[in-house]
Amino acid sequence: MMPQALRRVLPQILTLAAVVMLVTLVFPTFLSISVSDGRLVGPVIDILKRGAPIGLLAIGMTLVIASRGIDLSVGTVMAICGAVAATAIVNGWGLGPALLLALAAGLAAGLWNGFLVAVIGIQPIVATLILMTAGRGIAQLITEGRILTFSHPGLAFLGSGSLFGIPVPALLWLAAAIAVTLLMRRTALGLLIEAIGVNRRASALAGVNARVLLIAVYMASGLCAAVAGLIATADIRGADANNAGLWLELDAILAVVIGGNSLMGGRFSIAASVLGALIIQTIDTGILLAGFPSEYNLVLKAALVIIILILQSPRLAADWQLWRRSRSGLSGSHAAATPKPKESLR
Amino acid sequence: MKLNGLLATAAALALTAGAASAQTVGFSQIGSESGWRAAETTLTKQQAEERGIDLKFSDAQQKQENQIAAIRSFVAQGVDAILLAPVVATGWDSVLEEAQEAEIPVVLLDRQVDSSDDLYLTAVGSDLVHEGNVAGQWLVETVGDKECRVVELQGTTGSSPAIDRANGFRQAIEGHDNIEIVRSQTGDFTRAQGKEVMESFLQAENGGKDICALYAHNDDMAVGAIQAIKEAGLNPGEDILIVSIDAVPDIFQAMADGDANATVELTPNMAGPAFDALAAYWADGTMPPKFIQTESKLYTQADDPMGQYEAKKGLGY
């Protein structure tokens, strides 16, 4: 069991190690960690903290993508939930209600998406596009177009506090990843979602309640986005409806893809997606630390992502095996028998 | 509404021919994409009210076709002048010609257009290079001949405020070899990016101990950076000097708390100078210059930041 799980995420671990080595080359003290005021400080800790929103979004996105859907609205849902929490705090309703309202807003957004996809039957990319575009307007209505600044230490703790020396955002995404993985793999839930992703009709005929499960999957994604939105808002002590989570849905989808999950649904790995998110964040932070002019940021990121995706391409891996075998003089029948993952899904 | 307006105009003409009759001005605003824009709208309405001008306001929701439609409707209503904050620079020729044929003066607010400058009366705006220059001069005067390593949070890569504010600052510190920009990176004009990029600056510069000052192209990035500096255990405003541009309410709060040192105002009151120019034009046909530059005023901790905060926070920033 364990070696198999490890083998699944091995490409992501190797990629992360390679990216870390690359960043260390241009920024030698990258791996140094020191303790200041009882909290760990260093670039690696920054990445664990900064990667929280992408990591959380990637967890929810993995489930949605496994069900053969996609959720484009998560960045916007972050903005809505942040705006809700900040408004509640500014109006003096207290920390508990603020958090509950924000999480409820995320669940409601997920319910809306799930309803459109599972009940009305709109294609996921279109259904979630509606909230992606409309949601930022909703967030701006809540904050009245301003950056809503607050100074509540309890809410700020979610973004910049630390427990046992580790930043709270890092603990939150780690806890979420472990909890969702256990929920999916210790119960049959994960298997059922994969079944829907492979063939919704067949799974429904086999007795899976696809409609309810699909709605639940989008609600889980909304909940992850809500936590991500709380962290982003708490981090800057203000709800920035225009910019919170802007384009982050694309980074989350990218994290899931780098995690080796197929956009066609089916088998998924939360751990691999979260590693994908860490890879993206390491690239982002690495580029900032390297001190290149900012014109190069996006080009460098794109180049690294393309290299990673090419190296992970299943076709390339199959061709590489074929080439190696033909060189070592084995007969062609072995090569033909090599499994080609994902080919069957095309 | 329209009937009321007509009656009022007729009554005004009948009663006070030649005296200060209520002028009607149409204002085509881009939208309300930022707090600054909202404040500009609020101030334009205030200025019109103070001068007894009847302002017809139209929000274009970031769309040029809405602005063109609004201008055509202002022309049809026969307003006395049109204020236009153009969303893009190109494509205004025909509608500006229509206004000119109707002999209605057009004043551009805050942004420029590519059309020939005889199609509009004047343009009111801020000089972005000058803003950067004022920020740079403040730093030059504040540090004297001490060594100063500066980090810079730039605006969105390739945007004109980012390019011009960077150039203006560099012009101001030129010839002062003790001041050096050691790191420069975009923070996309947002608070979150400002904080994230500042964290990487602090990591890269010996935990922030090697940084003497931060220059941020807008206040929002500075506010984010201030939090990053605090979390790194340093004292913003003292250990690291902070100068930024825009003068939004939150930076005055930070200055009142001693966390920020200076900000250069991008005034949202573009309408005031515009109405002044229009009043002179209406009175005796005085032609204003083709570009009216608004003041880029420097505010420091000595300029009653708390009072400024109170004055600004109601403007819709």
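**Reading helices, cores and salt bridges**

Me: In which helix is B:N133 found?

Reply: B:N133 is found in helix α5 of chain B, residues 128-143, where helices (H or I, at least four residues) and strands (E, at least two) are DSSP runs numbered from the N terminus. This is a predicted model, in which local features need pLDDT of at least 70 and side-chain atom pairs count only at pLDDT 80 or more, while totals for chains, interfaces and linings use all residues. Residues are numbered from 1 along each chain as its sequence is written, chains are lettered from A and ligands numbered from 1 in the order in which they are written, and side-chain values use heavy atoms, with hydrogens and water left out.

Me: Is B:N133 buried or exposed, and which residues does B:N133 touch?

Reply: With a relative accessible area of 15%, B:N133 is buried, since buried means under 20%, exposed over 50% and partly exposed in between (1.4 Å probe, protein chains only). Leaving aside residues up to four places away in sequence, B:N133 touches B:G168, B:F169, B:Q171 and B:A172, contact being heavy atoms within 4.5 Å.

Me: How many residues does the largest nonpolar core have?

Reply: A nonpolar core is a set of buried Ala, Val, Leu, Ile, Met, Phe, Trp, Tyr and Cys residues joined through side-chain atoms within 4.5 Å. The largest one here has 96 residues, and A:L57, A:I59, A:M61, A:L155 and A:I270 are those with the most contacts inside it. Helix α11 of chain A, residues 210-236, gives the largest share of this core, 13 residues. A second, separate core has 29 residues, including B:M198 and B:L214.

Me: Which residue of chain A forms a salt bridge with A:D251?

Reply: A:K301 does, at 3.2 Å between the closest N and O atoms. This pair links distant parts of the chain, 50 residues apart, with A:K301 in helix α14 (residues 297-312) and A:D251 in helix α12 (residues 248-258) of chain A.

Note on methods: A salt bridge is a side-chain nitrogen of Lys or Arg within 4 Å of a carboxyl oxygen of Asp or Glu.
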